Structure formats: structure tokens, C-alpha cells
Amino acid sequence: MKKNLIILGTGFGAYSLIKSLPSDLYQVTVISPRNYFLFTPLLPSTTVGTIEFRSIIEPIRHSAKYLTYLQAFAERIDTTNKTIGCRSAILDEEFEVKYDVLVIAVGASNNTFGIEGVKEHAVFLKELDDARILRRKILDNFELAALPTIPVEERHRLLHTVVVGGGPTGVEFAAELSDFLEDELTYTYPQLISSSSLTIVEAGKQLLNLFDEKLSLYAGQLFSRRKIRVMTNTVVKKVSRNKLFLNNNSELDFGLLVWSTGNTSNPFIQKLPFEKDRNGRILTDSNLLIKGLEDIYAIGDCATPSDFSQPATAQVAMQEGKYLATVFKKKATHSSFKPKPFLWQNFGMLAYIGDNKALADLPQTKSSGFGTWIFWRSAYLTKLVSLKNKVQVLYDWLKASIFGRDVSRF
Ligand code: FAD
Ligand code: NAD
């Protein structure tokens, strides 16, 4: 009889496992509140309409015919009876699922560092819904600022966007917004554009601190030419409805606040009684098995092998998913099979920084500028998970370059 393989999540780790696993070896059930895979590297582009939302998602039910999908949150794991307690993502309906082999690939949550007011007043950039909220809010603020009754000071506040966190998420969003302001909103709202501004607040001494120093300097110089204000060595202490309170005792008014200060473990992972690192990630052995267990694996942003702390990136999660598919394939036919340790291969990092320029920090070379932007686009076009997504994204890029991004508010 086939073993029950339960996969929690529909992100990079889970998706690459599902796509690489042969269809006939396990009874596969995927449990996730999100019934689609989301290609996050292009998520910032959807916040301003360079790319449309549906162009970077792929329904999980179409990813493999053999799987059963349940739209639910995993809430508990009972390792004695080998069951998972789940709650429907649509109704308040609870149920249990039995597993023989379990893969936890539930990703991470946005880190607020417990700072007062962040959850209430900031917008994150992790899920498609966040991008939709951002796109709507940018246009809301311009339409509000255009009302004849709005005083000048209030107009400046409404059109001031602040991004907290100068890591790749914050930088890529700022780059996209800056393009939108220059390419479309300048012509759509000529009377307002001089009142608009964009600020990045970063606790460290530079943007993109995981990138090569020359590349992060290049990004800083481009941002300064594009009038994006970068406040480094500045930490946000508190957030109120329209105001940020900073560690240097100054305050910043904003109309839109984007919070991108990295990851923390999600509530489900926090509740699990497994050993974790200081970032709350589950510690696994070198075969990605949770320490001390024989049938529960953890991959992607929610976990790390204990002997080597891996970055929380899509490329790590994908490689782990593929690795597990190979292990499961061999184990299904040879139960005594002893897999080799998982070894992560670093392919480097890419980031879009605006004005048709990108950065590439690759093991063999570092580059920046227009040529790197062409490389960035080609690399992500290749990595998109379906032909449909590739065609849609190409079409969106072409449409935006010929007709501009759409500025309708709906
Ligand atoms: P995720 O892809 O986050 O998926 C987690 C899944 O688990 C989701 O389907 C979620 O719905 C589900 N889930 C959550 N809770 C539960 C639960 N309780 N029960 C069941 N399922 C649950 N990385 C790169 O390498 N290159 C990039 O260019 C890049 N760009 C990025 C841009 C942005 C804007 C962001 C936010 C991230 C980017 N990343 C990039 C990081 C990358 O997205 C993550 O490292 C990657 O998604 C991690 O994959 P994962 O499978 O661990 O988790
Ligand atoms: P990050 O952890 O990479 O960066 C967060 C930044 O926020 C840090 O520079 C930190 O100093 C700053 N910060 C933290 N608290 C602050 C505060 N109170 N005030 C001001 N600044 C503060 O987070 P991210 O950019 O959200 O990325 C999350 C993960 O996704 C990372 O692993 C990243 O590598 C990955 N990612 C990769 C890409 C890419 O490769 N292009 C794009 C996006 C995300």
C-alpha cells in the first residue's frame, strides 16, 4: 500500500517537491490556506501594475493531477498518533489528517519586532493580497490628494511613502514605485507629482547589506539620483496612524507605510515543540529530517539544517524540495536507503533597483546596470513555473512598455 505523504504549504519548497515527485509512489495530500503557488521574486512588480497579479500565480490543483488538496491551515501535529490537526481556511471547520511521512514547508511570517502600531498601520509585501492593497493605496492617496479641499500639508503627507527595511524586498518595492511615479504618475497627476516623496528607513549602515558592498553603493547612488531619500542607521521605535517615531527622536509623517524588515517564524511553527534556532526556524539534520524524528521533514523559510544556517530564499527552498523528491523516490523502492546529506548550491542574488537597472551578485561575477536588468528579466522569465506564466509576464512587460501601466483605481 502507498504511504500517505502530507505536504504542508504551497510555496517554493512544497511546489518544487510536488513537481519533482513521481506520481505513482505515494498518496500525496497538500494542505495550505493558499490554493496557488506564488512567484514572489516578481511580486514587487505587481504593486504598481508592471505585471498583473494573476501572471505570477499557478493553481496548485493544476500542478499535479495525482494530489489531493485541502484548503486549510495546519494547526497541530500529534507525533504519537501521526495526525495533523487542521482548520479550514474558508469556514471555521476543524479536521484531522493522518500521515506516514510529513513535510513542513509553511514559510515564515513578517517580522514586526513587536514594534507598537506596525500591524495596525503598515502594509507588508509577502502575499498577493499585500500587493493588491499596496496598488490600491498608492492610487487612493493620489486621488485623495487631488481633492480641492485637501490642505497643502496634508497633500504632502498623503503622497509620502515610507519603506521600513532596506533589504531586497524594501529596495525592490521602492524601485518599482519610483518607476511608477516617473513613468506614469508624473503625467497622470502633473499638479501633484512635486508633492510626492519616497523614503527608505534602514537600521543598518547601508541598503542591501547581504549584497557586495560596491553593488549596494551603486543602488544607493541611483536612489539618490532618483530623489529617493535613504535614512540609514535609523530604527523605527513606534508607529501611529500617520506617523513614524524614530530612534533619533525625530518623526516622519506618511501616507503609505510599507514594512519589510524580514522574517520571523509563523504562529504554527512557534507552537511546535521542536528544537529551533534563534530566528525560530526548526532545526533539521543534514537530510532535512527534524532532529530526533524519522518521518517529519522541514524545508524552506521555516527551517534550517543545524550544522549550516541557510539563507531564507526561494532558491534554497526549491533545492530542498527537489532533494526530498529524490530521497522519497529512492525510499519508496528501497526502505533501507540512506540518503546523502543535502548540500545547498549558491547561485547568487539578483535585485531590481529601478530605472531599468538591476544588480547581480553571483559567485563568479558582480554586475549592475542596464545589461544586468536584461539578465534579471531573462533569469526570472526562465524560472517562472509554467508556460502560461511566462507568456503572461512577457505580455505584461510588453504592454507596460508600449501603453504604460494602468492607473485606474478599482
Ligand atoms: P513560502 O513560499 O512562503 O510558502 C509558504 C506556504 O505555506 C504558503 O503556501 C502558505 O500559504 C503556506 N502556509 C502558511 N501557514 C501554513 C499552515 N499553518 N499550514 C499549511 N500551510 C501554511 N527569494 C529568492 O531566492 N529570490 C528572490 O528574488 C526573492 N524575491 C522575493 C521577493 C519578495 C517580495 C519576497 C517576500 C520574498 C522573496 N524571496 C526571494 C524569498 C522567497 O519568497 C522565500 O524564501 C520562499 O518563498 C520560501 O519558500 P517556502 O516554501 O519556505 O515558503
Ligand atoms: P531582510 O531581512 O533581508 O532585510 C530587512 C532589513 O530591515 C534589514 O536591512 C534590517 O536592518 C532592516 N530593519 C530591521 N528592523 C528595522 C527597524 N525597526 N527599522 C528600520 N530598519 C529595520 O528582509 P527582506 O528584504 O524582507 O527579505 C526577506 C527574505 O527574502 C531574505 O532572506 C531575502 O534574502 C529574501 N528576498 C530576496 C530577494 C532577492 O533575492 N532579490 C528579494 C526579496 C526578498
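Tutor: Helices (DSSP H or I, at least four residues) and strands (DSSP E, at least two) are DSSP runs, numbered from the N terminus. This is a predicted model, where local features need pLDDT of at least 70 and side-chain atom pairs pLDDT 80 or more, while totals for chains, interfaces and linings use all residues. Residues are numbered from 1 along each chain as its sequence is written, chains are lettered from A and ligands numbered from 1 in the order written, and side-chain values use heavy atoms, without hydrogens or water.

Student: Let me place a residue. Where does phenylalanine 113 lie?

Tutor: Phenylalanine 113 sits in the loop that runs between strand E9 (109-110) and helix H3 (118-121).

Student: Is phenylalanine 113 buried or exposed?

Tutor: Apply the cut-offs. Buried means under 20% relative accessible area, exposed over 50%, and partly exposed in between (1.4 Å probe, protein chains only). Phenylalanine 113 has a relative accessible area of 55%, so it counts as exposed.

Student: What should I make of its phi?

Tutor: General idea: most residues other than glycine have a negative phi. Phenylalanine 113 is not a glycine, yet its phi is positive, about 55 degrees.

Student: Which value does phi take in leucine 288?

Tutor: Near 70 degrees, again positive in a residue other than glycine. Leucine 288 belongs to the loop between strand E18 (282-284) and strand E19 (296-298). Leucine 288 is buried, because its relative accessible area is 0%.

Student: Where is leucine 208?

Tutor: In the loop between strand E11 (197-201) and helix H7 (213-225). Leucine 208 has 1% relative accessibility, so it counts as buried. Leucine 208 and glutamate 120 are 88 residues apart along the chain, and their C-alpha atoms are separated by 26 Å.

Student: Now helices. How many residues has H7, and what span does it reach?

Tutor: Compare span with expectation. The expected span is 1.5 Å times one less than the number of residues. H7 has 13 residues and reaches 19 Å from first C-alpha to last, close to the expected 18 Å.

Student: Which residues of H7 are buried?

Tutor: Leu215, Ser216, Ala219, Leu222 and Phe223. The arc is taken over the directions from the helix axis to the C-beta atoms. On the other side of H7, Lys214, Leu217, Ser224 and Arg225 are exposed.

Student: And what span does helix H11 reach?

Tutor: H11 covers residues 387-403. Its 17 residues reach 24 Å, close to the 24 Å expected. Asn389, Val393, Asp396, Trp397 and Ala400 are the buried residues in H11. They fall within an arc of 95 degrees down the axis, so they line one face of the helix. The face turned away from that buried side carries exposed Leu387, Val391, Tyr395, Leu398, Ile402 and Phe403.

Student: On to ligands. How many residues are around ligand 1?

Tutor: A residue is near a molecule if one of its heavy atoms lies within 4 Å of it. Ligand 1 has 30 such residues, of which Thr10, Gly13, Thr40, Asp301 and Tyr380 come nearest. By class, the shell has 15 nonpolar, 12 polar and 3 charged residues. Nonpolar means Ala, Val, Leu, Ile, Met, Phe, Trp, Tyr, Cys and Pro; charged means Asp, Glu, Lys and Arg; the others, Gly among them, are polar.

Student: Which helix supplies the largest share of that shell?

Tutor: H9, with 3 residues. H9 spans 314-333. Helix H1 (12-20), strand E2 (26-32) and strand E5 (68-78) each supply at least two residues.

Student: What polar contacts does ligand 1 make with tyrosine 380 and glycine 13?

Tutor: A polar contact here is a pair of N or O atoms within 3.5 Å. An N or O atom in the side chain of tyrosine 380 lies 2.7 Å from an oxygen atom of ligand 1. A polar backbone atom of glycine 13 is 2.8 Å from a ligand 1 oxygen. For the side chain of serine 32, the distance from a ligand 1 oxygen to an N or O atom is 3.3 Å. The protein covers 89% of the 1,000 Å² of accessible area that ligand 1 has on its own. Such areas come from the Shrake-Rupley method with a 1.4 Å probe.

Student: How many residues surround ligand 2?

Tutor: 23, and the closest are Thr169, Glu202, Ala203, Ala312 and Leu350. Helix H6 (residues 168-188) gives the most to this shell, 3 residues. The classes are 10 nonpolar, 11 polar and 2 charged.

Student: Which glutamate 202 atom approaches ligand 2?

Tutor: A polar side-chain atom, 2.6 Å from an oxygen of ligand 2. A polar backbone atom of alanine 203 lies 3.0 Å from a nitrogen of ligand 2. A backbone N or O atom of valine 236 is 3.3 Å from a ligand 2 nitrogen.

Technical notes: A polar contact is a pair of N or O atoms within 3.5 Å; within protein, one must be able to donate a hydrogen and the other to accept it, and residues adjacent in sequence count only if both atoms are side-chain atoms.
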